[in-house]
Amino acid sequence: MSVEAQLGESDLPELYRSGRAKAARSKRNRIITYVISAVIVAVVVAYGDWAKIADKYLDVERAGELFPEIITIATKNTLIYTVGAFVGGVTIGLVMAIMKLSSLRPYRWFAITYIEIFRGLPALMTIFLVGFVAPTALGVRFPQVLGVESAGIIALSLVAGAYLAETIRAGIEAVPKGQVEAARSLGMTQGQTLRIVVIPQAFRLVIPPLTNELVLLLKDTALLASLGTTAASVELTKFGKDAFNKDFNGTPFVVAAVMYLLITIPLTQVVAWLERRNKAMR
Amino acid sequence: MTATPASDSGSGSATAGSGSASRSGASATPAIELRGLHKSFGSNHVLKGIDLSVQPRQVMCLIGASGSGKSTLLRCVNRLEEPTSGAVLIDGIDITHPDCDLDLVRRDIGMVFQQFNLFPHLSAIGNVTLAQRKVLGRSDDESRTVAIEMLERVGLSDKADSYPSQLSGGQQQRVAIARALAMNPKMMLFDEATSALDPELVGDVLDVMRQLASEGMTMLVVTHEMGFARRVADHVVFMDQGVVCEQGPPDAVLGSPSTPRLQQFLEKVLEH
């Protein structure tokens, strides 16, 4: 170090000179980026109409009026819709995945048809079909379950099931063939092998994408805002919209958005953690 | 279509095959018998008419270059691989017959794989108890007692609660052997059980296999370990290009090979 410091720039080997030049260049680029960012922030702060923004979107008094219903009803219902659709989706997905891997062609066709239809349709369309078309056309009546509309859970389950079928199928196929051979060589039946050897391992493999689907589902529950709900079965987005409609102040939306983020951000952290752990386990 | 010739030879086993052997005379009936076994993968003809029999309590080693069909042959014995034609007789019964309940057959045939194939989501003892409970219907207590006994037998009773990922390859393979033994199999198949192991771990596994052989277990062993074949086997079979090229007692086969192919093979194996 000290020897190098005493040497002039021209005495340094080419390798060091080139390295120093690159380090200096990247430092300069970093500084430029910081300056530009700071200018943008300064402009926004200086020219934004903060009083109006605060009044229209961050009205503390209006925000306070949303409580406790936004938690005890809206967020609670959103979570019930999410978990209900997730359980339904995993169940449908598992059945469809197994059917798609079946050696019997009709099962495979059924699964493929199901998956293509519900992945191909917009989720909102499925919600309309279940929520509005099925009751009027088929005379089906969907009761309230756990205080929420079962039609919403069913519609989202159908959509999630189609996506999860492919995820779970990939997980099943990723379990090494040797696992099946070991199980069969011990005398386990095909069904036992699937149930107690393959599926537990498949689920372990797909926990990260499964959790990811949970986050997507949570956000998709907002689509249920278009479904006919009662004051007791309302989810978060509809709750925010109803409050907004009273005097067109945006604060309820902001508070509802914060509620979503309070759930989704920790969940995505869990997904990242699970992915790291899965990688480490291999 | 594959089962027709097989079932024919199966039903005629008493007359056609081992002659006087009857089902009651267990000592005269081979534990494993292969008759005219063929196996093709598409256009790749891997086994070209294999006739072999393993007697009860016999240790037979299958040797040969990779691609010679030894592993495929072994996998046909419990029908993990479906023979294209020919018959596989276990204790005198043709298991290629369409009526055969393979799950029942496989209970009695322990198998050890090159890649161990332990269930990674279960601990060592979980691996050893699972099939006991699910297949044999043993109680939790009984399966645990058997499992601990088997893990002791392979020298791993202290690793009962370890997961496969926490065990060395040699330890995993010994758990796999314990898992197979816990089913009280009548015979054991070893498919290159030491090929995936670091050299210093091979010995532990071979020791367990040698112990098993000395206890009188019927064993069919695919191996590259010539020392093991020479010392432990009763009978060595050299396979080449899908046929049995040479067979006999280990000293004869490995000591004074009569075919040039086996001579070449042994030179290559023993060179290093």
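1. Helix axes are taken here as lines fitted to C-alpha atoms over the stretch in contact, and the angles run from 0 to 180 degrees between N-to-C directions. The model is a predicted one.

2. The crossing of α5(A) over α10(A) is right-handed. On the side of α5(A), the residues in contact are Thr78(A), Leu79(A), Thr82(A), Ala85(A), Phe86(A), Val90(A), Leu94(A) and Ile98(A), while α10(A) contributes Leu194(A), Ile199(A), Phe203(A), Leu210(A), Leu214(A), Leu217(A) and Leu218(A). By class, this contact of α5(A) with α10(A) comprises 13 nonpolar and 2 polar residues, with no charged ones.

3. Helix α10(A), residues 190-220, deserves a separate remark: with 31 residues, a straight helix would reach 45 Å at 1.5 Å a residue, yet the end C-alpha atoms of α10(A) are only 37 Å apart. Where does α10(A) bend? The bend, of about 60 degrees, is at Ile207(A), and a proline, Pro208(A), follows within four residues.

4. Phe67(A) and Pro68(A) are joined by a cis peptide bond, with omega about 0 degrees, and Pro68(A) is found in the loop between α4 (60-66) and α5 (69-100) of chain A. Phe248(A), although not a glycine, has a positive phi of about 55 degrees, and this residue lies in the loop between α11 (236-247) and α12 (251-281) of chain A.

5. In chain B, helix α5 (residues 124-134) packs against α6(B) at an angle of about 130 degrees, with the axes 9 Å apart, and α5(B) and α6(B) are therefore oblique to each other. The crossing of α5(B) past α6(B) is right-handed. Ile125(B), Val128(B), Thr129(B), Gln132(B) and Arg133(B) of α5(B) make the contact with α6(B), whose residues in it include Asp140(B), Glu142(B), Arg144(B) and Leu151(B). This contact of α5(B) with α6(B) has 6 nonpolar, 3 polar and 4 charged residues.

6. Helix α6 (residues 140-153) of chain B also meets helix α7 (residues 169-181) of chain B, their axes coming within 9 Å and crossing at roughly 135 degrees, which makes α6(B) oblique to α7(B). Here α6(B) passes α7(B) in a right-handed crossing. The residues that meet are Met150(B), Leu151(B) and Arg153(B) from α6(B) and Val175(B), Ala178(B) and Leu181(B) from α7(B); by class, the contact of α6(B) with α7(B) has 5 nonpolar residues, 1 charged residue and no polar ones.

Key: Residues are numbered from 1 along each chain as its sequence is written. Chains are lettered from A and ligands numbered from 1 in the order in which they are written. This is a predicted model: local features need pLDDT of at least 70, side-chain atom pairs count only at pLDDT 80 or more; totals for chains, interfaces and linings use all residues. Side-chain values use heavy atoms; hydrogens and water are left out. Helices (H or I, at least four residues) and strands (E, at least two) are DSSP runs, numbered from the N terminus. Angles under 35 degrees count as roughly parallel, over 145 as roughly antiparallel, 65 to 115 as roughly perpendicular and the rest as oblique. A crossing is left-handed if the near helix is turned anticlockwise from the far one by less than a right angle, and right-handed if clockwise. Contact means heavy atoms within 4.5 Å. Ala, Val, Leu, Ile, Met, Phe, Trp, Tyr, Cys and Pro count as nonpolar, Asp, Glu, Lys and Arg as charged, and the others, Gly among them, as polar. The expected span of a helix is 1.5 Å times one less than its number of residues. The bend at a residue is the angle between axes fitted to the seven residues ending there and the seven starting there.
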